[in-house]
Amino acid sequence: MTKPTTDHAEASPTKRFFVSMLTRDINLADAILDLLDNCLDGALRLADGNEVDYSQHFVKIELAAGRFSIEDNCGGIPRDVAKNYAFKMGREPGDDRDSDAETIGMYGVGMKRAIFKMGREALVRTRYGDDTFEVPITSTWLEGKGWDPLPINEPAEAAEKLPEPGTVITVRDLYDGVSRHFANEAFENEVRTAISEHFTVFLQWGLKVDLNGKPVEPVLVEVLVSERDDGPAPFIFQKTIDDVLVSITVGLNTGRSLGDEEDEDSGFERDRSSVTAGWTVLCNDRAVIVGDKSRLTGWGDGIPLYHPQFAIITGIIEFRSKHADKLPVTTTKRALDTSSNVWLESLVKMKEGMRVWISYTNQWKNHPRADQSNHWEDARSLPLRGAIAAVTSRDATRKTDDYVEFNPQKAKVLPEPPGKTPSSRRIVFSRPVEEIRLVSRMLFDVDDEKPGIVGEKCFELTLTKAKKRDG
């Protein structure tokens with residue numbers, strides 16, 4: 001009897017479908033940021049475990065109607081990495097490159113996805129050490145059915161060799177919509193803002209990024225910390241959750257809301273962008289979101305919705321891990337995975353810090369701003385790590401084997417408005433009528449005094465004894 005033959009059903013995706021779906025879920029600005037992020041990963045690898053001096057590195061980006069290019073001096077791509085990894089569509093299981101580095105790349109698609117998003121023709125020229133080579137991606141290859149290997153070519157002329165280790169990616173034959181965006185000044189400004197926010201930490205460390213010949217400046221996200229040990233300071237919390245170090249600070253930002261409205265030159269006044277109010281979320285030094293004021297970061301979920309009264313409140317949270325897949329960030333690197341356990345657990349502490357400062361602004365909202373600013377005259381403007389380092393040294397900071405926490409409300413270091421009376425609470429309880437009459441006769445020589453007055457007199461007598469005992 002003849003055994004039946006086993007047939008097969010083709011299950012692999014077509015190249016056209018794969019490329020289309022890969023690029024659909026990322027916008028054009030984020031694709032550019034993905035390429036810049038690869039430059040930083042190169043600088044990290046070049047340092048080989050040592051601290052990176054970002055002031056020695058540059059990234060130059062050019063947007064034009066017919067061309068895109070990004071150039072860096074961040075070490076380049078080793079030839080074996082180009083042959084076996086860099087141009088593959090995703091990472092193979094067991095690929096542990098960057099396992100000791102704090103990056104946010106997880107799937108190995110960033111460079112390819114960005115190129116496919118922009119156009120049909122690209123050239124990747126790179127120098128690693130003294131080895132220079134280039135990899136072309138053509139429209140013929142892109143439109144072909146198979147995933148044929150890409151050629152690795154030597155530069156045609158010596159003049160095309162890069163002056164120092166790094167990479168240049170050029171994309172031509174841009175799609176029509178992309179070409180129109182790149183020729184639009186508004187889009188250039190959008191990209192500039194996105195770079196200044198997303199890479200603010202690296203820019204502050206000295207990384208030089210030029211966009212169409214103009215340097216990109218960082219957006220400063222900072223909180224105020226008094227230099228006095230008993231002075232006002234932000235809420236801080238630090239804990240490792242699921243192999244991710246979570247660092248949180250919530251405090252007053254460096255804006256103008258605290259200063260005297262009539263005195264624009266006040267020493268307390270500092271320049272800031274309005275985007276720094278709300279929450280900034282960092283993952284391995286990249287700002288995933290800046291100044292979020294929505295339910296995403298807890299506003300309106302057990303605490304009030306964001307309101308202009310809270311414009312002086314800034315929260316910063318950072319997630320750090322060598323396991324990029326454990327960070328609460330999506331593949332676009334500019335959106336949060338809010339279903340992750342590390343995010344949900346951190347959100348509890350984020351709200352706790354917010355409540356402290358919402359209460360603070362409620363106390364001060366009917367008082368002159370100048371009265372408030374006097375308490376912050378010695379305050380320094382510090383980023384997340386600086387704020388945590390400064391506050392952790394205080395005696396009132398709670399330190400355990402599991403976490404570090406400083407609550408300025410509990411530490412009683414927050415200034416109170418002048419003339420503020422102690423907060424009151426209503427005391428209500430019931431006792432039998434005969435017992436109330438008995439106490440009334442003892443205190444007032446009548447047995448029909450009102451129960452509220454009897455109760456208040458009892459409390460006053462007990463309070464007098466308590467003060468004598470503690471005095």
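Lys239 has Val246 of S10 as its bridge partner. The structure is a predicted model, in which local features require pLDDT of at least 70 and side-chain atom pairs count only at pLDDT 80 or more, while totals for chains, interfaces and linings use all residues. Residues are numbered from 1 along each chain as its sequence is written, and side-chain values use heavy atoms, with hydrogens and water left out. Helices (H or I, at least four residues) and strands (E, at least two) are DSSP runs numbered from the N terminus.

Strand S9 (residues 235-241) and strand S10 (residues 244-252) run antiparallel and are joined by seven bridges; two strands are said to pair if DSSP finds at least two bridges between them. S9 and S10 form a hairpin with two residues between them, and Asp242 in the turn has a positive phi of about 50°. S9 also pairs with strand S16 (residues 403-406), again in the antiparallel sense, over four bridges. Here Ile236 has Phe406 of S16 as its bridge partner.

## The sheet that holds the hairpin

The order S12-S11-S13-S10-S9-S16-S15 describes an open sheet of seven strands with mixed pairing. Its edge strands are strand S12 (286-292) and strand S15 (398-399), each of which pairs on one side only. Within this sheet, strand S11 (residues 278-283) and strand S13 (residues 313-320) run parallel and are joined by six bridges; Cys283 has Phe319 of S13 as its bridge partner.

Helix H9 (residues 341-364) packs on the sheet and touches S9, S10, S11, S13 and S16, where contact means heavy atoms within 4.5 Å. The direction of H9 makes about 15° with that of S10; axes are lines fitted to C-alpha atoms, for helices over the stretch in contact, and angles run from 0 to 180 degrees between N-to-C directions.

## The other seven-strand sheet

An open sheet with mixed pairing is also formed by seven strands in the order S4-S3-S5-S2-S1-S6-S7. Strand S4 (131-137) and strand S7 (214-215) stand at its edges with a single partner strand each, so one side of each is left without a neighbour in the sheet.

Strand S1 (residues 58-64) runs parallel to strand S6 (residues 208-211), and four bridges join them. Lys60 stands opposite Asp210 in S6. Helix H2 (residues 28-47) lies across S1, S2, S5 and S6, running at about 20° to S2.

## Cavities

Two cavities of 30 Å³ or more are found in the whole structure. A cavity is a set of points, on a 1 Å grid over the protein atoms alone, where a 1.4 Å probe fits but cannot get out; lining residues have an atom within 4 Å of a point. Grid points are joined across faces, edges and corners, and a volume is the space filled by probe spheres set on the points.

The largest cavity holds about 50 Å³ of space. Its lining consists of Phe58, Glu71, Asp72, Leu162, Pro163, Glu164, Gly166, Thr167 and Val168. Strand S2 (67-72) and strand S5 (166-174) are the elements that give two or more residues to this lining, and S5 gives the most, with three.

## Confidence

The mean pLDDT (the predictor's confidence in each residue, from 0 to 100) of the protein chain is 85, and 85% of its residues reach 70 or more. Confidence is lowest in helix H1 (residues 15-24), at a mean of 68, and highest in S6, at 98. Over residues 256-273 the pLDDT is below 50, and this stretch has 40 contacts in the model beyond near neighbours in sequence. Where pLDDT is low, the predicted coordinates should not be read in detail.

Conventions
1 Å grid on protein atoms, 1.4 Å probe; cavity = no way out; pocket = protein on both sides within 12 Å on 5 of 7 lines; lining within 4 Å.
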